[in-house]
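Here is a short briefing for a first look at a protein chain. Keep the sequence and the 3D view side by side as you read.

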Amino acid sequence: LDISVVVVNRQVDYYNADIQNQIAQFGVSNIVFACFNSTNFPNNAFCNLITRNGPAASGIFNAFNIEQVQNPYINISEQLNQGIDVALDWRNDLPWDIRMTTRGELNWTTFNKLILNGTVVNEFLGQVGEPRFVGNLDWQFDRGPWTVNYLLQMIGHSSDNPFTQTTLTNFRGTGQTVNTSYVIPFYTESTLSIRRKFDKFSAEFGVKNLFDQAPPAISVSDANSPGREGTT
């Protein structure tokens, strides 16, 4: 049994970016969060970008719902971002004339802060939507005209629990107390494809989400879904 390994690329980069005076969209979720969590709610510039239903809207769950959020381009004073990127690329010559190529792109974000008008408004690394780790691992097997490719996409653990109320004493006006959880565990999704080369064309067949992995579910409540509904 003879297996040879050829390392094509192996790279580890630490980055520390400090970008000043950029123009970007702040993002709908960031606008809503900055409005509802400001000390002078609802009298701030972020709340002025949000249009909501009135108290007389039909249905108990429609009153004060958010109808529209404007997300214009704005001046961002400074953005700080730090992390580590790992790139891997190597080949293995396997038995039966099979060549395996492995590629990996991994990223760990260690610090992320967005400053608007001299005030820190977004420093929520690790919350849902901003995981500390994301990465891809790709295995490709080649033999003659055949290629089999397996891609593993990875999204790290994230949680909104440190940033919001998790015990609701009057859940949606029912008078009941509920405990919520806004934690997304480490999640993976697999993609498999098979390609056959012919003289003048190639045919490919693939399956996304190979193992039918359902995405993680988190609690939905007035406290943590301001993008869908609001509170008085």
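**The hairpin of β4 and β5**

Three residues sit between the strands in the hairpin of β4 and β5, and Trp 96 there takes a positive phi near 65 degrees. Keep in mind that this is a predicted model.

- Strands β4 and β5 run antiparallel, and 17 bridges join them.
- Asn 92 stands opposite Met 100, a residue of β5.
- The loop between β4 (73–94) and β5 (98–116) also holds Asp 97.
- Asp 97 has a positive phi of about 60 degrees, although Asp 97 is not a glycine.
- Is Asp 97 buried or exposed? Asp 97 has a relative accessible area of 67%. The cut-off for exposed is over 50%, so Asp 97 counts as exposed.

**Another positive phi**

- Asp 212 is not a glycine either, yet its phi is positive, at about 55 degrees.
- Look for Asp 212 in the segment after β14 (202–208).
- Asp 212 is exposed, because its relative accessibility is 67% and exposed means over 50%.

**A nonpolar patch on the surface**

- Which residues form the nonpolar patch? They are Val 12, Tyr 14, Ile 84 and Trp 108.
- Together, these four residues have about 420 Å² of accessible area.
- Tyr 14 belongs to strand β1, which covers residues 4–25.
- The relative accessible area of Tyr 14 is 55%, so Tyr 14 is exposed under the cut-off of over 50%.

Conventions
Residues are numbered from 1 along each chain as its sequence is written. This is a predicted model: local features need pLDDT of at least 70, side-chain atom pairs count only at pLDDT 80 or more; totals for chains, interfaces and linings use all residues. Side-chain values use heavy atoms; hydrogens and water are left out. Helices (H or I, at least four residues) and strands (E, at least two) are DSSP runs, numbered from the N terminus. Buried means under 20% relative accessible area, exposed over 50%, partly exposed in between (1.4 Å probe, protein chains only). Patches are made of residues with over 30% relative accessible area and no salt bridge: like charges are joined within 9 Å, nonpolar side chains (Val, Leu, Ile, Met, Phe, Trp, Tyr) within 5 Å. Accessible areas come from the Shrake-Rupley method with a 1.4 Å probe; for residues, only the protein chains shown count as cover. A salt bridge is a side-chain nitrogen of Lys or Arg within 4 Å of a carboxyl oxygen of Asp or Glu. Two strands pair if DSSP finds at least two bridges between them.
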